[in-house]
Amino acid sequence: MPAAMVPEWEIPARQLYMEYPQRQRDEAVRTGTFGAAAMIYAARSLGLGSTPMIGFDAEAVHREFGLAENEVPVMLLSVGAERPGNWLQKPRRPVAEVLDLI
């Protein structure tokens, strides 16, 4: 984005989030999720396996990595060489069973 455009976008964004902590957290989770997806695709393009991990102790991750109070650990992401015999594609339902295009 050109620097000249920043003010016209920044003010409405601040108004949308500044006084709404839940919106801030929701946006952090959305943004973190998109970032993780990009990393998963990048890992795959390099011949690496990757998977998000949930169910971790978010407070322990927060402490261990020295995160600021306004930083949210969204997920852990493992990236590395795939194990021999690992499924190339995890079982998925057919798209037609889970998606309606309208």
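**Salt bridges, a surface patch and a pocket**

Glu82 is partly exposed in this predicted model, with a relative accessibility of 28%. Glu82 forms a salt bridge with Arg44, and the closest N and O atoms lie 2.3 Å apart. This pair links distant parts of the chain. Glu82 sits in the loop between strand S2 (76-80) and helix H4 (95-98), while Arg44 belongs to helix H2, 38 residues away. Arg44 is also partly exposed, at 43% relative accessibility.

The count of salt bridges comes to four. Among them is the pair of Arg14 and Glu10, with the closest N and O atoms 2.8 Å apart. Arg14 and Glu10 are four residues apart in helix H1, so about one helical turn separates them. Arg14 is partly exposed at 44%, and Glu10 is partly exposed at 33%. Glu27 pairs with Arg30 in another salt bridge, at 2.9 Å between the closest N and O atoms. These two residues are three apart in helix H2 (residues 21-45), again about one helical turn. Relative accessibility is 26% for Glu27 and 41% for Arg30; Glu27 counts as partly exposed, as does Arg30.

A nonpolar surface patch is formed by Met1, Met5, Val6 and Trp9. Together they have about 420 Å² of accessible area. Val6 lies in helix H1 (residues 6-17) and is partly exposed, with a relative accessible area of 33%.

The second largest pocket has a volume of about 200 Å³. Its lining consists of Pro21, Gln24, Arg25, Ala28, Asn70, Glu71 and Val72. By class, three of these residues are nonpolar, two polar and two charged.

Key. Residues numbered from 1 in each chain as written. Predicted model: local features only at pLDDT ≥ 70, side-chain atom pairs only at ≥ 80, totals over all residues. Heavy atoms only, no water. 1 Å grid on protein atoms, 1.4 Å probe; cavity = no way out; pocket = protein on both sides within 12 Å on 5 of 7 lines; lining within 4 Å. Points joined across faces, edges and corners; volume = space filled by probe spheres on them. Nonpolar A, V, L, I, M, F, W, Y, C, P; charged D, E, K, R; others polar. Patch = residues over 30% accessible without salt bridge, like charges linked within 9 Å, V, L, I, M, F, W, Y side chains within 5 Å. Areas by Shrake-Rupley, 256 points an atom, 1.4 Å probe, with all protein chains shown as cover. Salt bridge = Lys/Arg side-chain N within 4 Å of Asp/Glu carboxyl O. Buried < 20%, exposed > 50% of the residue type's maximum accessible area, 1.4 Å probe, protein only.
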